[in-house]
Amino acid sequence: MIIGIGGVSMSGKSSLARILKKHFSRKKVSILCQDDFIMPQNEMPQINGKTDWENPGSIDFDEFIASVVARDIENDVVIAEGLFAFHDQTLINLYDKKIFLEIPEPVFFERKKLDKRWEIEPDWYIQHIWKSYLKFGVLPESQKDVLTLNDTQTIDLDILMNYLSK
């Protein structure tokens, strides 16, 4: 089974992937994070002299897709997660299950301002992240059979597992 998890930065994609891996502990599970498939620095888009990590051009989709396919052969469950999880149709077509995490804009800004994983990001860039999400990361309306969850609420594991078992 290949599970795609999408949503804006700080929406809980990685946390949900870890929860699912724990749930499927009796199976062979692989998690692929889109952040691990970035383009070489000199090929990445720029905005205001800063690397634009929030642009689909920052991801090597060919390599990401190839890794999903390869891991599917070796594992019972593959979880592919990232901001652009639903941006590339070839990738979407690989998913057996699709999960989209939503958070309200104010929650995103609150969480992102507390995020110190790389560096303190200027307010203009945090606003850019949200705008890029709205442009490139939202779930396409044409997608069917997607479980949409709100990460500001406790995720109902019964609903999640029921969806995954269908």
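Trainee: What should I know about the model before I start?
Mentor: The model is predicted: local features need pLDDT of at least 70, side-chain atom pairs count only at pLDDT 80 or more, and totals for chains, interfaces and linings use all residues. Residues are numbered from 1 along each chain as its sequence is written, and side-chain values use heavy atoms, with hydrogens and water left out.

Trainee: Why does Asn75 count as buried?
Mentor: Buried means under 20% relative accessible area, exposed over 50%, partly exposed in between (1.4 Å probe, protein chains only). Asn75 has 10% relative accessibility, so Asn75 counts as buried.

Trainee: What is Asn75 in contact with, leaving aside neighbours within four places in sequence?
Mentor: Lys28, Val29 and Ser30. Contact means heavy atoms within 4.5 Å. Asn75 itself is found in the loop between H2 and E5. Helices (H or I, at least four residues) and strands (E, at least two) are DSSP runs, numbered from the N terminus.

Trainee: What makes Trp124 and Tyr125 an edge-to-face pair?
Mentor: Rings of Phe, Tyr and Trp (its six-membered ring) pair if their centres lie within 6.5 Å; planes under 30 degrees apart are stacked, over 60 edge-to-face, the rest tilted. Here the centres are 5.6 Å apart, with 85° between the planes.

Trainee: Why is the pair of Trp130 and Tyr133 called tilted?
Mentor: The centres lie 5.0 Å apart, with 50° between the planes. Trp130 is buried at 9%, and Tyr133 at 5%.

Trainee: How do you know that Lys50 sits over the ring of Tyr125?
Mentor: A charge sits over a ring if NZ of Lys or CZ of Arg is within 6 Å of the ring centre and within 35 degrees of the ring normal. The charged end of Lys50 is 4.8 Å from the centre of the Tyr125 ring.

Trainee: Which residues of the largest nonpolar core touch the most other members?
Mentor: Val68, Tyr95 and Phe108, out of 27 residues. Such a core is a set of buried Ala, Val, Leu, Ile, Met, Phe, Trp, Tyr and Cys residues joined through side-chain atoms within 4.5 Å. H5 gives the largest share, 5 residues.
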